[in-house]
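The exercises below ask you to read a model residue by residue and then core by core. Each task is followed by a solution in steps.

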Amino acid sequence: MEALQLAACGLAGGSAAVLFSAVAVGKPRAGGDAEPRVVEAPAWAGSARPGPGVWDSNWDRREPLSLVNLRKRNLESGEEELASRLDHYKAKATRHIFLIRHSQYHVDASQEKDRTLTPLGREQAELTGLRLASLGLKFNKIVHSSMTRAIETTDIISKHLPGVSKVSTDLLREGAPIEPDPPVSHWKPEAVQYYEDGARIEAAFRNYIHRADAKQQEDSYEIFICHANVIRYIVCRALQFPPEGWLRLSLNNGSITHLVVRPDGRVALRALGDTGFMPPDKISRS
């Protein structure tokens, strides 16, 4: 089901080359015809990308040729020197990014600090930690949201990964990344929430999702423990699918999403919302 939903997201508009282009959707008129509704691009979206179906190889602004000083490059007389300079900026390692959704929590608590994990949520975190440990990978770090449910999920998972450092960040807190298309009736944040959260979640994407630094010699395995909206938005952006389609995806609590960023900037999705390691009676989506 998850794979089908992802495919639907991709077929809906091609690559994120049109990330924040206007989206026209049907809005019934009094006479029954559809009137286009234009969704304006957020101010932080930046300039337009190439057209649908065109992969933007410099999506993370780390494509080597774009990092060479253009003025100096135009004065180059030899290809060997240019090749050497390009090699200086070229990534050599692959980044494996594991995006973990927090476990089930008490959704009815009035204050965020009281939205702690439920007993089932704590079991889910244990299962996720065991699954990550069973992969036999040398994880480099755990970056987690500063919200209570993410912190508690991290504390349980990290017990199964001794020695892996933990870093907390506000960038990965839950929020409303961008107005979804198609819209839904049961969830309608105020416009100001998209304005505030959207820029922050986009900043999280730009800060954490990119090809490896040129100085990185070995492949890395990094864990990010955060929230469903954040993860779904990041997946759409990383695969250059229309980010407005993020709400078409669904993630279980404690699920594992695995993105791979190659040295040449190509991105692959190894797993989306995997909870196959959990018994059926331990799976939830709250």
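**Exercise 1.** In which segment is Ser284 found? Work out its burial and its side-chain partners as well.

**Solution.** This is a predicted model, in which local features need pLDDT of at least 70, side-chain atom pairs count only at pLDDT 80 or more, and totals for chains, interfaces and linings use all residues. Residues are numbered from 1 along each chain as its sequence is written, and side-chain values use heavy atoms, with hydrogens and water left out.

Step 1: Ser284 lies in the segment after strand E8 (267–274), where strands are DSSP runs (E, at least two residues) and helices likewise (H or I, at least four), numbered from the N terminus.

Step 2: with a relative accessible area of 11%, Ser284 is buried (under 20%, using a 1.4 Å probe and protein chains only).

Step 3: the Ser284 side chain makes polar contacts with the side chains of Gln124, at 2.8 Å, and Asn253, at 2.6 Å (N or O pairs within 3.5 Å, one able to donate a hydrogen and the other to accept it; residues adjacent in sequence count only if both atoms are side-chain atoms).

**Exercise 2.** Which residues have the most contacts inside the largest nonpolar core?

**Solution.** Step 1: they are Leu99, Leu172, Ile209 and Leu259, in a core of 30 residues (buried Ala, Val, Leu, Ile, Met, Phe, Trp, Tyr and Cys joined through side-chain atoms within 4.5 Å).

Step 2: among the elements that each supply at least two residues of this core are strand E3 (95–101) and helix H8 (228–238), and H8 gives the most, with 8 residues.

Step 3: apart from this core lies another, of 14 residues, including Ile100 and Tyr221.

Notes: Buried means under 20% relative accessible area, exposed over 50%, partly exposed in between (1.4 Å probe, protein chains only).
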